[in-house]
Every structure is written in C-alpha cells, then in structure tokens.
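Welcome! Here is a short tour of a protein chain, starting with its charged pairs and moving on to its core and its helices.

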Amino acid sequence: MDKIKQLLLVLLLVSFTSISLFAQNFNEKLLVKYDAESLTQMQQNNSGEFELVNYFVDKGCYFVDMPDKPIEYYELEKIDPVTGESDFSFDFNEFDFDNFNPLEYNCVFDQSRSNYYKVGNTGKLLIVLSRSDMENKIENEKRVLQNK
C-alpha cells in the first residue's frame, strides 16, 4: 500500500508541476483573461488570433499626452476579472503605466480604427491600435525576423 501511495504522490506532483510549467509558457498578461487550456487551444486552432492577443497585451496600445484638440475617447476603467464589473474605486498611478495590461481594463480593439481612452486625471491618453494595424505590425515583424 505504501508504494501505491508514494506512486500516487509522485504522479500528483508531476501533474501539478507540468501544469504549472505549461501555464508559464504563456504571456502572464494573457492569464488574466484566459486559462492555459483555452490558450493552448487558441494556439493550435487559431494561431493568428493567438498572435494577435499576444501582440495586443504587449505592443497593441500605448500612452501619449492628452492632445489639446477635442478627441472622441472612452474613460479607461479597471475591470474586476472575476465579476467583469468596473472598479470605480481604482485610481491610476505611475506603477499602472509600467505594468499596464489592457485585459485588466475596458480596452477593446476595433477592426479598422484605433480606440482612445482617457486615463483618469493623469493627463494621458491610451491609444489602442486597430486589429488591422496590429495584424500588419505582426506580419512586418515576421518579415524582419525571416530576413535576419
């Protein structure tokens, strides 16, 4: 019986370790919205979408100073990942700029136009690239890598 318990314990540890390592293969920002299984399925069945969401969380948006001219924008809101509700008590600060993950906010990208989000009272504007702009940038990066 002891050998069976030891074997089960070892198998359990190996399972947890492989699951943990498996989840670590993905961009941590993606794990806010997706679990490792759905990311694996996306990577295998829809690699273009997988590349797009990876690009979105790392390079698909950026901050600029709020322009002087009027611009159509949304208010940037922090979203509770469990409930999906806006967290109105959240106050954006410098740390949030450095570790920004658009999946934790109400950021979305459109097919052909960029979206703009006012970042509270910081004087900053978040620009979220359009889907077509991100896809073009992904293809350009691939070409550059192929030519090296």
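Which residue forms a salt bridge with Lys124? The partner is Asp65, and the closest N and O atoms are 2.5 Å apart. A salt bridge here is a side-chain nitrogen of Lys or Arg within 4 Å of a carboxyl oxygen of Asp or Glu.

Before going further, a word on the source: this is a predicted model, in which local features need pLDDT of at least 70 and side-chain atom pairs count only at pLDDT 80 or more, while totals for chains, interfaces and linings use all residues. Residues are numbered from 1 along each chain as its sequence is written, and side-chain values use heavy atoms, with hydrogens and water left out.

The structure holds nine salt bridges.

| Pair | N to O distance |
|---|---|
| Asp65 and Lys124 | 2.5 Å |
| Arg131 and Glu135 | 3.2 Å |
| Asp58 and Lys29 | 4.0 Å |

Asp65 lies in strand β1 (residues 61-65) and Lys124 in strand β4, so this pair ties together parts that are 59 residues apart in sequence. Helices (H or I, at least four residues) and strands (E, at least two) are DSSP runs, numbered from the N terminus. Asp65 is exposed, with a relative accessible area of 55%, whereas Lys124 is partly exposed at 28%. For these words, buried means under 20% relative accessible area, exposed over 50%, and partly exposed in between (1.4 Å probe, protein chains only).

Arg131 and Glu135 are four residues apart in helix α5, about one helical turn. Salt bridges that share partners join this pair and Glu49 into one network.

The largest nonpolar core has 27 residues, and Leu30, Leu76, Phe100, Cys107 and Leu126 touch the most other members. Such a core is a set of buried Ala, Val, Leu, Ile, Met, Phe, Trp, Tyr and Cys residues joined through side-chain atoms within 4.5 Å. Helix α3 gives the most to this core, with six residues. Leaving aside neighbours within four places in sequence, Cys107 is in contact (heavy atoms within 4.5 Å) with Phe56 and Tyr117, among others.

Finally, how do α3 and α5 meet? The axes of α3 (residues 47-59) and α5 (residues 131-146) come within 10 Å and cross at roughly 100 degrees. Axes are lines fitted to C-alpha atoms, for helices over the stretch in contact, and angles run from 0 to 180 degrees between N-to-C directions. That makes α3 roughly perpendicular to α5 (65 to 115 degrees).

Conventions. Angles under 35 degrees count as roughly parallel, over 145 as roughly antiparallel, 65 to 115 as roughly perpendicular and the rest as oblique.
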